[in-house]
Every structure is written in structure tokens, then in C-alpha cells.
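Here is a friendly briefing to read with the model open beside you. Take a look at the structure first, then follow the topics below.

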Amino acid sequence: MREKRKGPIGRATGLAEGVAATMRRMQRDREPAVLVYDETGYARLVQPDGRGYERLLQTAERMVDLVDESEAEAKPRRARREP
Amino acid sequence: MAATLTPERTARRLCELSADARAAVLLDAAGAPASHHGVTSDRSGDLAQLARTMFEAVDRAHRDMPGGPPEQVEIQVDGGTVFGSRTPHWMLAVVARRAALSSLMLMDLRAVLGELEGGTPIRRVTAAAAAGGPAETPMPELGAE
């Protein structure tokens, strides 16, 4: 059976639903997550109330910050060297 | 013949292998840094200390979970993703871009550690055009003998 054609309101609703789904997906992708893998590659998610979760997140954040700082420091130095 | 991978070259090797790797640090089994890449030398000690802390926290987190001790870890935070992988002799941690593909990064970590421990060297292929080879397609033409 042929699908009924959507009117302008239906099309706008479909578009809005698509945007909302994309936003939800982006939000979910940005959420912090901790996964551990055993030697067979089997992944387990460390729950937010699990032991070590907060420590792992904090450590990873500090590692990322450290690399950001290091890159920011190296950039002006490189720019000075390359006129 | 490909040169053997040494601990001193391992962190750099990983960053060269993966476009999403920003910095890496290799520690020995005792937690002493063996090499680093992607951070200035004055920050390498801090990166090594944080990597040690990460592996200790992984062992703590694992106590509540079934299964064997974790070999690899992936931590996604706002500005990036941190991956870690270990063998009985080495621990390798990498700070990657947030968009890095987990499966690829974990495979690269495992491959580099494998190479370091005397396993099969990683074979890198270069595009024929980039290598200065023939410009035509390497695919045989249909119907040609």
C-alpha cells in the first residue's frame, strides 16, 4: 500500500524528530563512560556507582588536560620557528 | 627487514600508527616510564604517574566485576578518550581524540605491545601513487589474460 503523503506540518514534525534524535545521540556520545576489556576482548561497563569509576574519570580528565596544555605550549613555539 | 621495536620507540610508534592518538606513554611492569610521545619532557613524568594511577584504578574497579583481570581499558571524557592496554611486562596508555574508534585504537595498542614483545611486526601499506608506483589500478582487467 502506498504511504500517505505528508503535509507541511507532517514534514516539519518529521524533521524536528530527526533533529531531536540526533541531539539525543550526540548527548549520549558526550556522556562519560568507562569500559574494561578482558583478554578475549569482552567489554564490561564500569557503573557510575562502581568502585574506581570516579577515580578513573578524574585521571582520564587530567591526562587529557595535560596533553591540551602541552599542545598549547608547543604551538606558539612552532609558530615562532616557522615564519 | 623491519627493525625490532624497542621500548624507547614504542610510544612514538603508536602515535605514528594512529591518526587519533595525541600522546602516549609506555611503562614497565613496575610502573617506571620507558618512553613517551606527544607531551613535553617536563610533563612526561606527570603523564606516566597518571597512567600508573589509571591502571591501579582499573584493578580496583575490577574487584566488583566477574571475569578475569582487565587487559584493556577505555575511558571517555569530555575532551577525549584515554585507552590503556597491558601485558605482564608492559603498560601502554594513550590519550586520543574523542572521535577515535575504540576497536581500532584497542587493536593498535595490542599490536604495538605485541610487536614490542617480539611478535609479528606491524605491516604498514602505502598507496601505490604515494609510493611512486604505477599510476594505473593494480586490479587485473576483465577478460585480459
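A:Glu61 sits in helix H2 of chain A, which covers residues 53-81; helices here are DSSP runs of H or I with at least four residues, strands are DSSP runs of E with at least two, and both are numbered from the N terminus. This is a predicted model, in which local features need pLDDT of at least 70 and side-chain atom pairs count only at pLDDT 80 or more, while totals for chains, interfaces and linings use all residues. Residues are numbered from 1 along each chain as its sequence is written, chains are lettered from A and ligands numbered from 1 in the order in which they are written, and side-chain values use heavy atoms, with hydrogens and water left out.

**Surface patches**

- A:Glu61 is partly exposed, at a relative accessible area of 38%; buried means under 20%, exposed over 50%, and partly exposed in between (1.4 Å probe, protein chains only).
- Together with A:Glu54, A:Asp65 and B:Asp78, A:Glu61 forms a negative surface patch.
- Patches are made of residues with over 30% relative accessible area and no salt bridge, joining like charges within 9 Å and nonpolar side chains (Val, Leu, Ile, Met, Phe, Trp, Tyr) within 5 Å.
- Asp and Glu count as negative, Lys and Arg as positive, and His and the chain ends are not counted.
- A nonpolar patch of about 290 Å² is made by A:Val19, A:Met23 and A:Met26.
- A:Met26 belongs to helix H1 of chain A, residues 8-30, and is partly exposed with a relative accessible area of 41%.

**Salt bridges between the chains**

- One salt bridge brings together the side chains of B:Arg22 and A:Asp68, at 2.6 Å from N to O. B:Arg22 lies in strand E1 of chain B and A:Asp68 in helix H2 of chain A, so this pair joins two chains.
- B:Arg22 is buried, with a relative accessible area of 12%, whereas A:Asp68 is partly exposed at 33%.
- A:Glu71 also takes part: a network of salt bridges links A:Asp68, A:Glu71 and B:Arg22.
- A:Glu73 and B:Arg43 form a salt bridge whose closest N and O atoms are 2.9 Å apart. This pair crosses between chains, from helix H2 of chain A to helix H2 of chain B (residues 41-62).

**Inside chain B**

- B:Arg13 forms a salt bridge with B:Glu115, with 3.2 Å between the closest N and O atoms. B:Arg13 lies in helix H1 (residues 7-17) and B:Glu115 in helix H3 (residues 102-116), so the pair ties together parts that are 102 residues apart in sequence.
- Both B:Arg13 and B:Glu115 are buried.
- Helix H3 of chain B also holds B:Leu106, which is buried with a relative accessible area of 7%.
- The C-alpha atoms of B:Leu106 and B:Phe83 are 7.2 Å apart, although the two residues are separated by 23 residues along the chain.

**The hairpin of chain B**

- Strands E1 (residues 21-28) and E2 (residues 33-37) of chain B run antiparallel and are joined by 4 bridges; two strands pair if DSSP finds at least two bridges between them.
- B:Leu27 stands opposite B:Pro33 in E2 of chain B.
- The hairpin has 4 residues between its strands, and B:Gly31 takes a positive phi near 95 degrees there.

Note on methods:
Areas by Shrake-Rupley, 256 points an atom, 1.4 Å probe, with all protein chains shown as cover. Salt bridge = Lys/Arg side-chain N within 4 Å of Asp/Glu carboxyl O. Charge placed at Lys NZ, Arg CZ, Asp CG, Glu CD.
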